[in-house]
Amino acid sequence: MEIKRLYVGKRMSEVAIHNNTVYLAGQVAATEPDADIKGQTREVLAAIDKLLAEAGSDKSCILSTQIFIKDLADFAAMNEVWEEWVAQGHTPPRATVQANLANPAWLIEIVVVAAQR
């Protein structure tokens, strides 16, 4: 049983790959924490694109998504960005919940599981 990890830190890895399945850690806005929900969502989705590519996958291979949003009042604006980004015809199962995130500046965190190409 081989498990490959990318960006391994003391507390967590950003990516784990096992049996051709890619597991991403929750992605948050790292460079634009003062951006609005649309800006943070774009940054998070770009990070997901990058990590999936490094793991031999892409957004058309997403198996499931969990979205944690600070304020459900931002739900519609977040969905506008999501719908521009998500691979049409390959929209994954998704859950979205309101949550207090670890950093008060974060408005969104997204967790993805995907198959490798």
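Which residue just after α1 takes a positive phi? Gly-56 does, with a phi of about 80°. The model is predicted, so local features need pLDDT of at least 70 and side-chain atom pairs count only at pLDDT 80 or more, while totals for chains, interfaces and linings use all residues. Residues are numbered from 1 along each chain as its sequence is written, and side-chain values use heavy atoms, with hydrogens and water left out. Helices (H or I, at least four residues) and strands (E, at least two) are DSSP runs, numbered from the N terminus.

**Helix α1**

- Helix α1 covers residues 37–54. The expected span of a helix is 1.5 Å times one less than its number of residues. For the 18 residues of α1 this gives 26 Å, and the end C-alpha atoms are 26 Å apart, which agrees.
- A residue is buried under 20% relative accessible area, exposed over 50%, and partly exposed in between (1.4 Å probe, protein chains only). The buried residues of α1 are Ile-37, Gln-40, Thr-41, Glu-43, Val-44, Leu-45, Ile-48, Leu-51 and Leu-52.
- An α-helix has 3.6 residues a turn, so residues three or four places apart point the same way.
- Contact means heavy atoms within 4.5 Å. The buried residues of α1 pack against β1 (4–8), β2 (13–18), β3, β4 (62–69), α2 (75–85) and β6 (108–115).

**Strand pairing**

- Two strands pair if DSSP finds at least two bridges between them.
- Strands β2 and β3 run antiparallel and are joined by four bridges, with Ile-17 standing opposite Val-22 in β3. They form a hairpin with two residues between them, and Asn-19 in the turn has a positive phi of about 50°.
- Strands β3 and β6 also pair in the antiparallel sense, over three bridges. Here Thr-21 stands opposite Ala-115 in β6.
- Seven bridges link β4 and β6, which run antiparallel, and Ile-67 is placed opposite Ile-110 in β6.
- Strand β4 is joined to β5 (residues 94–98) by five bridges, and these two run parallel. Ile-69 stands opposite Gln-98 in β5.

- Rings of Phe, Tyr and Trp (its six-membered ring) pair if their centres lie within 6.5 Å; planes under 30 degrees apart count as stacked, over 60 as edge-to-face and the rest as tilted. One aromatic pair is found in a search of the whole structure.
- This pair, Trp-82 and Trp-85, is tilted because the ring centres are 5.3 Å apart and the planes lie at 50°.
- Both residues belong to helix α2, three residues apart, which is about one turn of the helix.
- Trp-82 counts as buried because its relative accessibility is 6%. Trp-85 is buried as well, with a relative accessible area of 9%.
- A charge sits over a ring if NZ of Lys or CZ of Arg is within 6 Å of the ring centre and within 35 degrees of the ring normal. The charged end of Arg-94 sits over the ring of Trp-82, 5.2 Å from its centre.

- Thr-21 lies in strand β3 (residues 21–24) and counts as buried because its relative accessibility is 16%. Neighbours within four places in sequence aside, Thr-21 contacts Ala-16, Leu-63, Val-113 and Ala-114.
- Gln-27 belongs to the loop between β3 and α1 and is buried at 7% relative accessibility. A polar atom of the Gln-27 side chain lies 3.0 Å from the backbone oxygen of Ala-25. Not counting residues up to four places away in sequence, the residues that Gln-27 touches include Glu-14, Val-44, Ala-47 and Ile-108.
- Ile-62 is part of strand β4 and is buried, with a relative accessible area of 6%. Beyond neighbours within four places in sequence, Ile-62 is in contact with Leu-52, Trp-85, Pro-92, Val-112, Val-113 and Ala-114.

Conventions:
A polar contact is a pair of N or O atoms within 3.5 Å; within protein, one must be able to donate a hydrogen and the other to accept it, and residues adjacent in sequence count only if both atoms are side-chain atoms.
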